[in-house]
Amino acid sequence: MAWAAEATAARKEVVEAESPDLTIPPLVPQAVKEYTRREHHGDLFLDPYEWMRDKESTRTREYVAAQNELCKTRNAHLAGLRETLFDELKSHVQETDMSVPVRMNGYWYFARTQEGRQYAVQCRIPVKGEDDWTPPEVDPMGAPGSLKNEHVIFDANVESDGHDFFRLGGMDLSRDGRWMLYGVDTEGDERYDFRIRDLGKPVALDPEHASEADLPEVFKGVGGACFTPDGEYVFWVELDDAWRPCAVWRHRVGTPVDSDVCVYREQDERFWVGVGLSFDERNIVIGAGSKTTTEVLMLPTNRPEGEFQPFIPRKTDIEYDVSFACFEGAGEHGEDVPLAVVYHNAKNPNFEIDVIDMRDHEPPYALGEGVCIAQGSPYGCERGDEVAAGEDEGDSLIPNSRQPITKAYVNPANPAILQGLHGLGIEGIAIHRHFVSLAYRADGLPHVAVMPKSLAAEDFAAGRPWRFTELLPPSLENDWDTVAQDAGELIGDHGERLWAADETPSDHTSSSDGASDDHLPGETRRLYSIGTGGNPSYDAPRMRYSFTSYTRPGELHEVDPVTGEDRLLKRATVLGGFDPREYMERRVWITARDGERIPVSLVWRRDIPMQDAPMFITGYGAYEISSDPSFSVARLSLLDRGVLYAVPHVRGGGELGRAWYEQGRRLNKKHTFEDFVDATIALQKAHLADPRRTVANGGSAGGLLMGAIANIAPQVYAGIEADVPFVDALTSILDPSLPLTVTEWDEWGDPLHDEDVYRYMKSYTPYENLPEKGTPFPRVFITTSMNDTRVLYVEPLKWLAAMQERGFDAIAKIEVEAGHGGTSGRYKQWRQVSYENAWCLDVMGLR
């Protein structure tokens, strides 16, 4: 499109001669229309921009360059604001820092970051002895390798030299710590080159020469890899032409890669495969799974050249996982009791956990065998009516699938902490030598519970519910969330107004975060995320867990499961005078058009009244992925300028369990879009947000959400930021040769073979449903990457061309060297988010 630049230059010369003070808007590149036929189920679609799929063609590359130039010119006036936002973000970050050391076998491992350097440096220190479970004190401001016996094992700043993009795609270590297996992606296409490094060689500990310790064998363009504990074998994952992890290969270290043996190949194109070690490192595990079906195959690590066997053969629409542990010395004569712990949804769509005493009989085992120790709520689920027990007798006439998702669930087999919860989903269990942890989801938030292993053994033997204790995040001294007062919906816990002084909330909103009616002393009532993490050792005496919220930076804690003593190991440092007490977070519920109640998280600066405020509203709503609370330093620049940050937890995500997901996928997908629009309108009608200053944001499947809401409700959004957006969904899902398409049929439906799915997807896919020229439409800003393998660049480019052809204000920033996650390197990422936020603030009129 060189003609566009030439025409602009010529026009500029003429006009400047006539009026030198006049600013000339840049010409929008006009894409050539060259129609491609797509015909299915009697429907013909003539696609004018499918030619852009030819990534290497000159005209595609010229078009990309012209669009990038347009974006650069259109956003040139924001250069100062971008730099201000970058400086603000940077001023809050402790650039030189380190992670809390984690013990794995004979070493403490940790990562250091240094001011001015893009990537973290991986380091380790030998443990002092078998009973050394106290992390070593390391100066976070010290240079990598500065501590006695500290060794740098991987410096990505050195390894990335000469590459515009760099991502570490996995790292594994042999049990003795000598051999390191690591994977690197330098294109952004999520194909990793794995190598083996001998950390026993002195040169390996010198970052400048570390690669000289690499063995000659290289596993090129693979999806992942793992060691056997002794480091003698590598199992790696092959990717097919559609980027599907399709097979597992075995490699004996020290032999040529071309002599490797394929040990498993998945023939069903809906399934992905992965490989790793079981937690106890006794088995090599292959996991095969589609969106709705999984299977686990196992091979003892002491027989790496043996044949993998299914733990339980796959069954359509059944997901399961298995781990192994034991109750040490809990047998009748003091012997260990070996256990298989099976997590599955064969009987309950929101999953259950069964513990099998493996002394009873030899494998194979069956799903549902053993003792059920936790079970999710079946209410509202498609297969909820298959659950045979656990409901109140009074509800027996109402099928579980028709019960409200938010109805309290009671099951006498469940632990006491799970009784009466709403949207209960079981997410997993971990059994260590000294403790057991349980992860579950309820009331739209993640939860973690813990108990001493000795009590678990007693409860298992007695056949009674296990006595878990929920971990409650610690509150801040003198914080607003530590005192609950009876107050109406208009007034917060300390008298602060949640709504406009002269307005009442719309009938479509209500306050329902549980904060004002639980009255639990000392309990935080923030919208938190909590999860176990940093517990790779089976023998650790204490359990680590992490906590964060929209307004609280991440914290890492260590809890003693016997005494309950909770110790803060690290709180993320936020510089620049940041005080979490200056920010508020609340959850409201809006009523969607079909009557379902949708949770919406709100975050704002406490001293700025939320009345007709500018709003940044973001969502996802797919793959049962929950948009849980998390802290963001970049978000502070928005909040400090008076922006209301909102997250509608729309259906299609997993916030309220499996039923929430099922109501927003396949032939229910439009609920995702409607929930988001209805939440936006409710907040605007309550005069919390101003539609003239409302900007919506979403990425990937959330980018599909952005395209859909722009089409169906353009009047309620001033701007739309769509990141790597999945906006030509029907074209992609119709083509099995494209990356990931066949595996996506379980999520979106199969429009290739099902006419109903085809018609339904055609009715919402953004590219094919743009309004006519002249229709009021929000400003649109797109980000995409040429090497993205999940959402191909061609989708947002075609959408961009179609919008510009209609005269809509749409621009795109297109990364040439990046993938689905955007740029790599923390400073590059900070500049990228500053670029995006500057555009959003400009739309809001907050420059």
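Two strands are taken to pair if DSSP finds at least two bridges between them. The legends that follow describe close-up views of a predicted model.

**View 1. Strand β36 and its two antiparallel partners.** Strand β36, residues 597-605, pairs with strand β38, residues 644-648, in the antiparallel sense over 4 bridges, and within this pairing V600 stands opposite P648 of β38. Strand β35, residues 583-591, also runs antiparallel to β36 and is joined to it by 9 bridges, with R586 standing opposite L602 of β36. The strands β35 and β36 form a hairpin in which 5 residues lie between them, and G595 in the turn has a positive phi of about 95 degrees. Because 8 of the 9 residues of β36 are buried, this strand is largely enclosed by the rest of the structure.

**View 2. The largest nonpolar core and the surroundings of L683.** The largest nonpolar core holds 85 residues, of which M52, L602, F676, L683, I709, Y717 and M803 touch the most other members. When its neighbours within four places in sequence are left aside, L683 is in contact with V588, V600, L602, M615, I617, A646, L688 and A689. A second, separate core has 38 residues, among them L78, F631, V643 and V647. As general background, nonpolar side chains in soluble globular proteins tend to be buried together.

**View 3. The crossing of helices α9 and α10.** Helix α9, residues 670-685, and helix α10, residues 701-712, have axes that come within 9 Å and cross at roughly 65 degrees, and α9 passes α10 in a right-handed crossing. On the α9 side the contact is made by T672, F673, F676 and V677, while on the α10 side L704, L705, M706, A708, I709 and I712 take part. Sorted by class, the contact of α9 with α10 comprises 9 nonpolar residues, 1 polar residue and no charged residues. Two residues seen here, F676 and I709, are also listed among the members of the largest nonpolar core that touch the most other members.

**View 4. The crossing of helices α2 and α14.** The axes of helix α2, residues 58-74, and helix α14, residues 794-805, come within 12 Å and cross at roughly 60 degrees, with α2 passing α14 in a left-handed crossing. Residues Y63, V64, Q67 and L70 of α2 meet L797, L800, A801 and Q804 of α14. By class, this contact of α2 with α14 has 6 nonpolar and 2 polar residues, and no charged residues.

Terms used:
Residues are numbered from 1 along each chain as its sequence is written. This is a predicted model: local features need pLDDT of at least 70, side-chain atom pairs count only at pLDDT 80 or more; totals for chains, interfaces and linings use all residues. Side-chain values use heavy atoms; hydrogens and water are left out. Axes are lines fitted to C-alpha atoms, for helices over the stretch in contact, and angles run from 0 to 180 degrees between N-to-C directions. A crossing is left-handed if the near helix is turned anticlockwise from the far one by less than a right angle, and right-handed if clockwise. Contact means heavy atoms within 4.5 Å. Ala, Val, Leu, Ile, Met, Phe, Trp, Tyr, Cys and Pro count as nonpolar, Asp, Glu, Lys and Arg as charged, and the others, Gly among them, as polar. A nonpolar core is a set of buried Ala, Val, Leu, Ile, Met, Phe, Trp, Tyr and Cys residues joined through side-chain atoms within 4.5 Å. Buried means under 20% relative accessible area, exposed over 50%, partly exposed in between (1.4 Å probe, protein chains only).
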